[in-house]
Amino acid sequence: MSGIEAGSLVVSAVLALLTVLLLLATALEHAGRTRRAARTARHRAELTPLVHALLEDDAPDSDVSSADPLLDELVLELLPQLRGADRAALQSVLVDRGVVDQAAAQLGARAAWRRGRAAELLGNVASSRHVPDLVALLTDPVADVRSAAARALGRIGDVTSVAPLLAALDARPSVPPGVVGMALLDLGTPALPALRDAVNGPLRAARPVAAQLLGLHGDPGATGVLADVVADGRRTPVVREAAASALGRIGSPHATPALVAALTSDAPLGVRLAAAQALGRIGDPGCLDPLTTTMRSAPVPVRAACADALTALGDRGRARLVAHAYLAGPTGAVARAALDSSAARAVRRPSSLQAA
């Protein structure tokens, strides 16, 4: 055997040995994970009766204080699914076991992930004691921490959080509108008075968000405020669009004059589109003529929105479309398209009802 052949044989043997060791290590790691998972599952099953006893206010204090730390995870997983007395019972467990205080201490941690995780936990626990600390985190230099603080404030449900959440939209750095909007929705109807004020308030970025939220709440008390915004040509297009869309969701016919005025004016395209769509949602027969007239003369996107709105006005609206469907040009095209879409929706509706 030559020296080269002997060397190759040694290298092959070493590689084979390394492969066997690697496979062995992988198998051991997999077995370890399986054992840990089984152990965790067993501990969770053992703790489940204690959680049930906590919900029934029938758990000995000694059992709660001495329970495995896994109990905290179980409770935190359950909290978002609970309301009322059950939620309060488990929240008090986390307070008694020091979990809330430990999280509060982490709000000032150097690591951003610790601050964010602490904010999420305090939000799940709905700890109103720490609202000021979470408000302070809305200006955290890390975006994820700011968002976590906003979500936590929404879950806690303290209406005093409305103003700082709205301010976070205008701050530098800011919190994304979607995150703030969801948090404000979580605060529920107690936030409505502040949202109505914010539509005309000093915070520029908060105005359209406030208008959208009033629409999502379907707040009839905001109809007058929003109608004034739609009618005011000095307001920014984005606020007027948001106000028009909100009026459509609220559905009050009292908004029809302001929406018709915006639709038939020289307002920016987005405002006119939103006005047409809102009129379709409201379904006021009094807007038949302005929708028909605008369908014949406006830019094509607005014509299409008017045609769709006419389909929402029932037989009288569809009759207007049929009368225009024979025309050549954009008016006939949008009328035919709206009628086709309406017919397609009517075909799909019975099958969806059957499925339900």
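E29 is partly exposed, with a relative accessible area of 38%; buried means under 20%, exposed over 50% and partly exposed in between, for a 1.4 Å probe and protein chains only. The model is predicted: local features need pLDDT of at least 70, side-chain atom pairs count only at pLDDT 80 or more, and totals for chains, interfaces and linings use all residues. Residues are numbered from 1 along each chain as its sequence is written, and side-chain values use heavy atoms, with hydrogens and water left out.

**Salt bridges**

The structure holds eleven salt bridges, each defined as a side-chain nitrogen of Lys or Arg within 4 Å of a carboxyl oxygen of Asp or Glu. Three of these pairs are listed here.

| Pair | N to O distance | Relative accessible area |
|---|---|---|
| E29 and R36 | 3.6 Å | E29 38%, R36 41% |
| D72 and R97 | 2.6 Å | D72 14%, R97 17% |
| D232 and R234 | 3.1 Å | D232 18%, R234 75% |

E29 and R36 also belong to a network of salt bridges that includes R33.

The side chains of D72 and R97 meet in a salt bridge. D72 lies in helix α3 (residues 70–78) and R97 in the loop between α4 (84–96) and α5 (99–106), so the pair ties together parts that are 25 residues apart in sequence. Helices are DSSP runs of H or I with at least four residues, numbered from the N terminus. D72 is buried, and R97 is buried as well.

In the pair formed by D232 and R234, D232 counts as buried, whereas R234 counts as exposed.

**A nonpolar surface patch**

V10, V11, V14, L15, L17, L18, L21, L24 and L28 form a nonpolar patch on the surface, and together they have about 850 Å² of accessible area. Such a patch joins nonpolar side chains (Val, Leu, Ile, Met, Phe, Trp, Tyr) within 5 Å, from residues with over 30% relative accessible area and no salt bridge. One of its members, L17, lies in helix α1 (residues 3–55) and is exposed, at 51% relative accessible area.

**A helix pair**

Helix α18 (residues 300–311) packs against helix α19 (residues 315–325) at an angle of about 135 degrees, and their axes are 7 Å apart. That angle makes α18 oblique to α19, since angles under 35 degrees count as roughly parallel, over 145 as roughly antiparallel, 65 to 115 as roughly perpendicular and the rest as oblique. A307, L310 and T311 of α18 make the contact with G317, R318, R320 and L321 of α19, where contact means heavy atoms within 4.5 Å.

Definitions and conventions
Patches are made of residues with over 30% relative accessible area and no salt bridge: like charges are joined within 9 Å, nonpolar side chains (Val, Leu, Ile, Met, Phe, Trp, Tyr) within 5 Å. Accessible areas come from the Shrake-Rupley method with a 1.4 Å probe; for residues, only the protein chains shown count as cover. Helices (H or I, at least four residues) and strands (E, at least two) are DSSP runs, numbered from the N terminus. Axes are lines fitted to C-alpha atoms, for helices over the stretch in contact, and angles run from 0 to 180 degrees between N-to-C directions.
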